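Hello! Here is the structure I promised to pass on to you. Please have a look at it first, and then read my notes below.

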Amino acid sequence: MKLATWNVNSLNVRLPRLLAWLPVAQPDVLCLQETKLEDARFPRGEIEAAGYRVHYAGQKTYNGVAMLVREALGIATDIATALPGYPDEQKRVIAGTVGTTRVVGFYVPNGQAVDSDKYRYKLDWCAAATEFLRDQLACHAALAVVGDFNIAPEDRDVHDPALWAGQVLCSGPERAIFRAWQTLGLKDSFRLFAQPEKTFSWWDYRQLAFPRNHGLRIDHILLSDALAARCTGCRIDRNARKGDKPSDHAPVIADIGDARPADPRRI
DNA sequence: ATGGCTGCTTTGAGCAGA
């Protein structure tokens, strides 16, 4: 199973790129963030025509998430579109069960600046998310948590750690949240494998940040132990950030081997 | 040098993103 996440920064603008990317990357499950579309305007027909079923929770202008599931994998069940006990107008959660795998897609709040109300909201939202993930892990051995986390977990995930030290996306409390999710029993799939240095998933549109590789790694695929044991690779598709009208984020893709039930007849 | 780009908005200059 190929599992992917991509902050598309407006699905309206990025739909042609998404439709071109799907047959190349061939994800089985893909979570999208920042669709910025009301549900009535979601391009369901185009995505279904590309061979995917899709669930979504959107709103006008901001936020909005979706989960695409390749038709051959069947129907995703137990769809959730909110954090339990955390009433929120902002559409940042999409979760579904595909076969035996539970996939949670997050668009974690950006936080704007560490002294802002939006930062407080980010920490509160993440606290509610922690409880949700604790519960999900208790129910699902095969759990994947993917999305735009808006957290660069370590200095090596930042092009210029001194410049970003203590800033939003890199602050101590944000990194503590990332570690707390790891402590729950989730592994950063990207770090299960040797990776090129200075691999990032987001680059600012300004200042030629992408050609200069001035980026951050803030998009992630976390895996429960059962899935991490089956994971054979994780990469960031830098090519998707190139060319005309790219999203400022690149997709992250993890390969998860098939679940193989124990067979006592096997030698 | 505190901007720089991009997408969105009851169309416009202002917000938000990260």
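β13 and β14 (residues 252-256) pair in the antiparallel sense over five bridges, where pairing takes at least two DSSP bridges between two strands. Helices (H or I, at least four residues) and strands (E, at least two) are DSSP runs, numbered from the N terminus. Across this pair, Gly233 stands opposite Asp255 in β14.

This is a predicted model, in which local features need pLDDT of at least 70, side-chain atom pairs count only at pLDDT 80 or more, and totals for chains, interfaces and linings use all residues. Residues are numbered from 1 along each chain as its sequence is written, while chains are lettered from A and ligands numbered from 1 in the order in which they are written.

Both strands belong to an open sheet of six, in the order β3-β4-β2-β1-β14-β13, with mixed pairing. β3 (52-57) and β13 (231-236) are the edge strands with a single partner each, so one side of each has no neighbour in the sheet.

Now to helix α1 (residues 11-25), which contains Ala25. Is Ala25 buried, exposed or partly exposed? Ala25 is partly exposed, because 16 other C-beta atoms lie within 10 Å (20 or more would be buried, 12 or fewer exposed, with C-beta atoms placed from the backbone). Leaving aside residues up to four places away in sequence, Ala25 touches Ala4, Asp237, Pro251 and Ile253 (contact means C-beta atoms, placed from the backbone, within 7 Å).

Enjoy exploring!

Terms used: Two residues are in contact if their C-beta atoms, placed from the backbone, lie within 7 Å.
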